[in-house]
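Hi,

Here is the structure I said I'd pass on.

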Amino acid sequence: MSEEKKSFEEKLQSVQEIIGRIEEGKLPLEDSVKQFEEGMKTLSALDEELKDMNRRLTVLQDGGEQPLNAPGEEA
């Protein structure tokens, strides 16, 4: 499953697994760097998801009358 199709929790689990592999210290340097890059990319995507969820919640708290669409949904 691609990272984009995973749920927030699945992406977070992927990052935790990457951290675990790097912390074991058994990966060659080049693989550790690749894992680090993958982890940072996933963390960036998670950060964007959190910001979007926060925006949606803020609108709802401010009395938004219409339900907000989830990312990727059309109005």
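Below is what turned up, starting with the helices and moving on to the salt bridges.

This is a predicted model, so local features need pLDDT of at least 70 and side-chain atom pairs count only at pLDDT 80 or more, while totals for chains, interfaces and linings use all residues. Residues are numbered from 1 along each chain as its sequence is written, and side-chain values use heavy atoms, with hydrogens and water left out.

Helix α2 covers residues 29–61 (helices are DSSP runs of H or I, at least four residues, numbered from the N terminus). Its 33 residues should span 48 Å at 1.5 Å a residue, and the end C-alpha atoms agree at 47 Å apart (the expected span is 1.5 Å times one less than the number of residues). Ser32, Gln35, Gly39, Thr42 and Leu46 are the buried residues of α2 (buried is under 20% relative accessible area, exposed over 50%, partly exposed in between, with a 1.4 Å probe and protein chains only). They pack against α1 (8–24). Just past α2, Gly63 has a positive phi of about 90°.

Searching the whole structure gives three salt bridges (a Lys or Arg side-chain nitrogen within 4 Å of an Asp or Glu carboxyl oxygen):

- Glu49 to Lys11, 2.4 Å between the closest N and O atoms. This pair links α2 to α1 across 38 residues; Lys11 is buried at 7%, and Glu49 partly exposed at 22%.
- Lys51 to Asp47, at 3.2 Å, four residues apart in α2.
- Asp52 to Arg55, at 3.8 Å, three residues apart in α2.

Cheers

Notes. Helix = DSSP H or I, 4+ residues; strand = E, 2+ residues; numbered from the N terminus. Contact = heavy atoms within 4.5 Å.
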